[in-house]
Amino acid sequence: MVQRAHKIRLDPNNVQATALSRAAGVARFAYNWALAQWQEQYQAHKDDPSKPRPSQYALRKQLNSIKRSEFPWMLESTKCAPQEAIIALGGAFDNFFAGRARHPTFKKRGRHDSFKLSSGNFRIDGARIHIPKVGWVRMREPLRYVDAKQVSVTVSRQADRWFASVQCDLANPAGLVPSGVDDHRSCGGSSPTADAVGVDVGVREFVVSDGTRHPVPRSLRKAQRQLKRAQQSLSRKDKGSNNRRKAKAKVARLHARVVDVRADWLHKLTSNLIADNNRVVVEDLNVAGMMSNHHLAMSITDASFGEFRRQLAYKAEGRGRTLVVADRWFPSSKLCSACGVKTKRPMRLDVRTWTCETCGTQHDRDLNAARNLAAYDPAVSSTVAARGELLTSGVPAPVGAGTSSRLVEPGIRHQTRHEPV
């Protein structure tokens, strides 16, 4: 059983949009109220261990007991909005105590406005969804997973648009139609046209080993001028005025367009790569370290290296393909894809073409790296020594050398394997 979500844009009227906003406000208030209560009760437990520790179940029960008398306006929205918000807070504290996330913070109005509905509290009929206390709301498209079990739906606002993300349980994810693929290639029984492909990611373009180049749309950089003017206009508006509200909505719409352009490009690229190839190989880039370079940080953010790999991972699982993440120290740019010899010349970022000293082949830097990634085999083709030298198979490695590769098989998460030599 695998979970998949289908995010669909809603088309509410003015009355429904007001009701959706009210429900999101109820969820935000319940989350903040529960967080304040959690901190207070936890401090009381530390001072007096005989007092119970806070829990999301106890806070939900406490809110239900006082809701009608202290917060009667909550009854105007669905009961799931506050209850699911407190459940989410409990999950946030679980992640915090497990070391997976930071301490939960209070939510601010207008940022990530959303609420969640559990199974049985919503209905989907074709291209419309029924939300309690709101009614039937039109959707821009019908649900993709028609026969799947609908687990929950999260209604969220982005700029001035509302979306419903429907979470479904799928018994057989293999062969699903990923979004962004042309109809003639998106049928579940389609077979890939290539066995393996390597992808060299960059801030200007993604280069595939077959020679195809996919220029990065760089939507954020292109929108910088408009964003600058819109944010300057926003800063001059009086707080609380209608003009400030309109200016804020304009800035939000510009950011939403940047996100949409980037997401559209990424989904189409990753879906086509997975549909056309049995095996996709990408580099294990240190994105966090690269982001520390303020000259490249914006370009790396705009290219979305991490999101690119995340989409490849779950789409490979759904299609039954294999995603291989090459070792971080694999010298894909310095290896000659024709003879396999590693060049000793320095390979600065401004070097876009180079010639192999052994066989004389002239290489385009990015295309050569993509071809080396396509031929990458973590178990056979190469061994990476501890000092970073590449030793071809058949040559004994020095003591202490080893391989470090990351292989993602269908249905298996990333796993690191260390093999002593």
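I call a residue buried under 20% relative accessible area, exposed over 50%, and partly exposed in between (1.4 Å probe, protein chains only). The model is predicted, so I note that local features need pLDDT of at least 70, side-chain atom pairs count only at pLDDT 80 or more, and totals for chains, interfaces and linings use all residues. Residues are numbered from 1 along each chain as its sequence is written, and side-chain values use heavy atoms, with hydrogens and water left out.

**Entry: helix α5.** Helices here are DSSP runs (H or I, at least four residues), as are strands (E, at least two), numbered from the N terminus. I looked up which residues of α5 are buried, and found Leu 227, Ala 230 and Leu 234. They cover an arc of only 70 degrees around the axis, which puts them on the same side of α5; the arc is that of the directions from the helix axis to the C-beta atoms. The face turned away from the buried side of α5 carries the exposed Arg 225, Lys 228, Arg 229 and Ser 235. Among what covers the buried residues of α5 are α4 (219-222) and α6 (242-276), with contact meaning heavy atoms within 4.5 Å.

**Entry: a cysteine.** Where is Cys 359 found? I located Cys 359 in the loop between β13 (353-355) and β14 (362-364). Its relative accessibility is 38%, so Cys 359 counts as partly exposed. Cys 359 and Cys 339 are 20 residues apart in sequence, and 6.8 Å apart in space, C-alpha to C-alpha. Not counting residues up to four places away in sequence, Cys 359 touches Cys 336, Ala 338 and Cys 339.
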